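Biologist: Hi! Could you walk me through this one?
Modeller: Happy to, let's have a look together.

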Amino acid sequence: MLGLGSGGVKSSKPSFVSYVTPEEIKPERESSRKEKHPDLLPGEVVFCSATHVLKYTQDDASQRGVYGTLVCTNFKISFVSDETPMEEMPQLFKNKLYGENDIPLTCVDQIYGVNDEKKKLVIGGQVKNKSPSKLVIYCKDLRVFQFCLTYAKEEEAKKIFQGIVHHSLEPKSLKCIFAFSYCEMTAAAPEQSTNQKTIMFESKDEWEMEMKRTKGNCRLATANENYSISEKLPQFFIVPSAVSEEDIVNSHGKGIPIWCWSHHSGCALFKMASLPLPQDDSVAQLHKKYMERVYNAVAQNHLFSLKTEDLSATLPSVQDIQQSYNKFKQYFLIDNITEFWMSDMKWLSSLENSGWLDHIRQCLTKAVEIVECLEKENTNVLMMEEDGSDLSCIITSLVQLMMDPFFRTLSGFQSLVQKEWVAGCHSFLDRCNHLHQRDKESQSPVFLLFLECVWQLLQQHTPAFQFSETYLTVLSDSIHVPLFSTFLFNSLCQKDSAMKFESPEAQRNPLTFPTVWDWSLQFDCKAQDFFTNPLYVEKPKQEKASRKTHRPKPIKHQRQLSLPATPFKSSPRRGFFKEETDSLKKILLGKRITKWIHSPEASALTARDFYQSWQRKPLDYHGLLLPCLDGPAIRVWMQRYLRWIPDLQIFGGGSVSIMTKIWDLVTEIQVLRDELDWCTSNLQFSNQKREVCPKFSARMSSSFPFFSSHNRSFKPVIPTSLLQSMMIGGTLVDKEDEDTEFLGVV
């Protein structure tokens, strides 16, 4: 299936056939030739290097490659080719921090050494005093590099091998992360322009502004200012109005219901880190009483209703997520094209058996269940988890994406990540294992799982999202760039401590770490245009101004006949139904505070029914969005996982050719709008137009803008199994395409 759809134009066979392997060819290199080094960033230093290193292509059968210098710095592993660069077309999507032959140290996943055709996993701290003949590096962004060290000097080969293993696999301290060296060198430089529209959620005003935007009915908590109570909480956050500052102080950071988002009906979404399990009966009684108080406080937010959900019991654990992803990614880490085609017949079933796609479906299903409670039942929801910073971050973020169109804009999505993940103290440092700790229990691609779910929503409802698939792919790559504070720390407290104490002049010049939202550090303006979705349907301006939430005004004479939507307050005088209302509240407390007790099958059925009822309504891209959860609807994120496999590229085809045409139309429409504005306003018209994408889609790969066309393989694009079935007498008739010569130049 994959092979037939991989497409591409069949390239002409090389006319020259070599019967000598590269190992039998002695490289002719002048000893006096200057050693080449890559471009270095501020604070970047070279640790070791080796010349006469052969970098193989992925077409292992031909043993082709290019000679150059392999370098290891405190930021990356870099290969610099000895070949004189040919005149190439300017790159439209070039990363300023690292190139196509560079690997950030924190992006290294696994290293294998090859001796006598035997491949062995290299473990940090267990390296012998010799180097292998071949080095294979698997990256977390799914690139695969193969380097032959046979022709390098023995001492250089040993040093570069040991240096790469030491700096990319062995445990290190936080201050050894490259971001510290970079920030110390750029401290005196002008501050990079940041995206002012992204809300960072680091101040009181930002939290209050978000609560005001959603018309929330909670209050701002300041008891943890300067992290006096807990290092796993932000300094400022929002809690139900019934939760006092004293309650927060006594909780020591556990069991605090934290507000996430408010529905226009008044109900709200909360999350909480679970309390430790009690060891004896006396503690169990206190635990039970405390939880009743918490439930009361959350229920009082709206109509005294609440549903609770323990995510640790219904969703996969972080260890399950890690194990399934380890199985899933193996089918995309390709260092042998032949073996890849041999697995083509069972490729889809292997992906399904890994469990990764099922985890995506489970998270989306749980999010739909919670959306139903908020949208259909108008019920408060409290999600609980052991630390309250892993699965709860995924579900709360997905719920807000489905229900709030603001978070489907570029700046809104970045603000959502800041609020739920960064301010929510997700342990990025441990989950991404930036320090290469030997304890693998804490490592898990939780944030990647969230991005996978977002991609599913984006594919099913493309016009509803302002950002593009390319933006999500770049964001997933940026997790493993050791420069951005967004993904470097376990909490805001850890980040603030590092800024204060790691600087030599801490009191005068604290370190300032860039955030990943400073996209100008990685890409120029033209490259950033690829982050925007040309199919995005923007809300009309008049609708923005006219659309307001109208709520029926309460009738004074009937106010006490129903429970209020605001927190209960003691009346200055006893109302006519005061005692009756109190007893009614007690009755409803037992009836309206419920837990999810559905089985996974029942949950999936409920989510499907809710989706079908929603689907019958007119589609509003600025309203509620729900994903289809049927089997075929959950797809593989092709751009991220298949972009580095040359044989799977469709040159001049794929979705990129469609998007390029759309970009061209968008540009032309913008020019026409400018001309109309000039005609109506009679002002001087500028003919300058934004060049979003050049008009040569036939030259692009289906994995554009990531895949480099000169790296593609010359092997047939037909799967091995199909190729063998077509063989007659050991030969296969070759037929050249008309465009072979044209595309071969690309």
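Predicted model: local features only at pLDDT ≥ 70, side-chain atom pairs only at ≥ 80, totals over all residues.
Biologist: What volume does the second largest cavity have?
Modeller: The second largest cavity comes to about 60 Å³.
Biologist: And what classes of residue make up its lining?
Modeller: For the second largest cavity, five lining residues are polar, four are nonpolar and one is charged.
Biologist: How many cavities does the structure hold?
Modeller: Five, counting those of 30 Å³ or more.
Biologist: Which residues are closest to the centre of the largest cavity?
Modeller: Lys140, Tyr325, Pro445, Leu448 and His480, out of 23 residues in the lining. By class, that lining has 11 nonpolar, seven polar and five charged residues.
Biologist: Which helix gives the largest share of that lining?
Modeller: That would be α8, with four residues. Helices α8 (318-329), α14 (428-431) and α15 (446-460) each supply at least two residues.
Biologist: Where does the largest cavity lie, and why do we say so?
Modeller: It lies between domain 1 (46-170) and domain 2 (204-531), because both give residues to its lining.
Biologist: New topic: the sheet. What is the strand order?
Modeller: The sheet is open and has eight strands, in the order β4-β3-β2-β1-β8-β7-β5-β6, with antiparallel pairing.
Biologist: Which strands stand at the edges?
Modeller: β4 (102-104) and β6 (118-121) do. Each has a single partner strand, so one side of each is left without a neighbour in the sheet.
Biologist: What is the average twist from one strand to the next?
Modeller: The twist averages 30 degrees.
Biologist: How many bridges join β1 to β8?
Modeller: Two bridges join β1 (residues 46-56) to β8 (residues 144-148), and these strands run antiparallel. Opposite Lys55 you'll find Phe147 in β8.
Biologist: Which helix packs on the sheet?
Modeller: Helix α2 (residues 154-169) does, touching β1, β2 (65-73), β3 (76-81), β5 (108-115) and β7 (134-139). The direction of α2 makes about 110 degrees with that of β1.
Biologist: Thanks, that helps!

How values were computed: Residues numbered from 1 in each chain as written. Heavy atoms only, no water. Pairing = 2+ DSSP bridges. Axes fitted to C-alpha atoms, helices over the stretch in contact; angles between N-to-C directions. Contact = heavy atoms within 4.5 Å. 1 Å grid on protein atoms, 1.4 Å probe; cavity = no way out; pocket = protein on both sides within 12 Å on 5 of 7 lines; lining within 4 Å. Points joined across faces, edges and corners; volume = space filled by probe spheres on them. Nonpolar A, V, L, I, M, F, W, Y, C, P; charged D, E, K, R; others polar. Domains from an automatic or database assignment.
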